[in-house]
Amino acid sequence: MSLIKVCEVTKTYKSGDGTVIALNNVNLEIAEGEFLALMGPSGSGKSTLLSILGGLNPPSTGKLIIDDIDVYSLDPELLADFRHEYVGFVFQQYQLIPYLTALENVMLPLAITSRSGRQQREMAQTVLVKVGLGTKYQRLPSQLSGGEQNRVAIARAIVNEPAIIFADEPTGSLDSKTASELLELFQALNQSGLTIIMVTHNKENLAWVSRALYIRDGVLVPIPEEA
Amino acid sequence: MRLTDIALQNLRRRKMRSVILVLSVVIGVASMIFLLTTTQAMKADVANKLDQFGSNILILPDTGEAMTFGGITVEAPTQVKELDMSLIPLMQTIKNKETLATIAPKLLVDTKIKGQAILLLGVVFKEELRLKKWWKLEGLVKNQIPSANEVILGSDVARSLGLSSNETITIKEQDFRVAAILQPTGSTENDQAIFIDLMVLQKLANRPNAISLIETAALCYTCPIDQVTQQLREKLPGTKVTALKSTLESRDNTVNRFNLFAIIVSILLILASGLVITMTMKSSVEERTREIGILRAIGFRKRHILQIILTEAGLLSSLGGLLGYFLGMGAAVLYGSVLAKTPINIVWASNLLVYSLLGSLLMSVIASLYPAWKAAILDPNEALRYM
């Protein structure tokens, strides 16, 4: 059964006097529990598709249905609630808050819930252990390596137990060993039931995913041999 | 973790910005507190002096003629209308009754002692001494009130009768102890009179409840003196109510002008502080565009972002208000007299602390609303791409 349905989604941007088509009539279905890779060259529209899927960027036309909810028909505040409940993001460059410790960064999504401070701390510590950062949770992001920061970002994405994780080039700035460890973690999370959609430009990462899609010029196409 | 924790952590991180914002509030609040406290103390000081200078309103029987209370002509009650004690409670029913600080009724009776014509002035000693604070009384210690069997002699009377304090004087066949001699005042009414308890004189003169005039000190800073006078006229039919406007008005005008100046300066300082808060918070929001994008992306509502920004501004402004209060009050206590160019009494007013805190908080909320709203409506997708 499809968890996510993308129906005839087009996204255009104004650029100077003209219009740029970032996505052109994209149709897509993603089943619950999939680990999907979105590939494509730079500027192909994969990050735009990811932001649309994550409820961050409304399409110019078309619909996004997640768990039978027409996501972009929601009021902006309900859309924020939707992101909080359904979605976890692992951004490019991790996007951690620099003045909060690893633990506090992970606790952020819980700050707007009714959970007590103690409950929040316990939940955050549990996921930090799960991503292999059980001993470094009091460190600031600047005191962690790139791989560790990425793990904090993953912990923050999963602490609220969302249905879907969106990861934008999570291995882009990591060495191959750290990247493998990270993908192994994603795979484990996927096997525990999470649906994961990952933007990547690295063909080697396809070994870890259950399905891959290729975007070129805003259109989904079969994966080319040379990719 | 709560939204307040996020706000606090951000303030800790941006110490210099926080210090600047607190300082701007401290300067604004301290200046306001200093100016307003000093102005209030000056008002109280002028009011106090006004009280010392004598009555502001004189209530006389409506005879159609002016009446001075030093003259012997008041002797014949059949020729001159009299007032009575029932007027005093009536005076306390006027709308601006709180401005009547002192009510001093008097009965004037002439008599002869050792062949000399003497004016007996029946007074309520407590009220009279409160009204005539500049009097120098030989024989009485400060705040001592003469009793019913004691009198105060005007300096001329004491000299002509050869009496000094603690001696005995016989008035209308009754002995009284001389409690004090009033040092020369330059006023013949006072220097040539014997001050005696009002009720005792009413009894001696066989004129129970009778009074010749009422002096009242109206401290009219919160109301126009004309209104008080008019209210008294309405309540006291058959009397002539006269306000000594010139003294009041000139003093009141001076203080009011300074008060207006203090208020204008205070408003300008509030505006300046508010502007600093707005600019500081706006710059803070711009610096944190990506952070706000992250928070919005992970599900923070607009009101959560508003709450974080307003909490930051509120916390810093409250701290500024607190420090500003202590600095302003401290400066007023130490240097208020220098500004007023006269010794004034400034006391630490705890209610001003509450006003300072609430005022700072309100100012910060108003000043931060625009930057906070700008932050709240940031498009998360755009904000995440902000460099």
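**Figure 1. The contact between chain B and chain A.** In this predicted model, 23 residues from chain A meet 21 residues from chain B, where contact requires C-beta atoms, placed from the backbone, within 7 Å. On the side of chain B that touches chain A, at least two residues each come from α1 (3-13), α10 (289-297), α11 (302-340) and α13 (380-384). Helices (H or I, at least four residues) and strands (E, at least two) are DSSP runs, numbered from the N terminus. Nine residues of this side of chain B are nonpolar, five are polar and seven are charged. Ala, Val, Leu, Ile, Met, Phe, Trp, Tyr, Cys and Pro count as nonpolar, Asp, Glu, Lys and Arg as charged, and the others, Gly among them, as polar. The model is predicted: local features need pLDDT of at least 70, side-chain atom pairs count only at pLDDT 80 or more, and totals for chains, interfaces and linings use all residues. Residues are numbered from 1 along each chain as its sequence is written, and chains are lettered from A and ligands numbered from 1 in the order in which they are written.

**Figure 2. The largest nonpolar core.** A nonpolar core is a set of buried Ala, Val, Leu, Ile, Met, Phe, Trp, Tyr and Cys residues joined through C-beta atoms within 7 Å; buried means that 20 or more other C-beta atoms, placed from the backbone, lie within 10 Å of a residue's own. The largest core holds 122 residues, and those touching the most other members include Leu38(A), Ile197(A) and Ile33(B). Helix α2 (residues 15-53) of chain B gives the most to this core, 14 residues.

**Figure 3. The surroundings of Ile197(A).** Beyond its neighbours within four places in sequence, Ile197(A) is in contact with residues including Ile30(A), Leu38(A) and Phe166(A).

Terms used
Two residues are in contact if their C-beta atoms, placed from the backbone, lie within 7 Å. A residue is buried if 20 or more other C-beta atoms lie within 10 Å of its own, exposed if 12 or fewer, and partly exposed in between; C-beta atoms are placed from the backbone.
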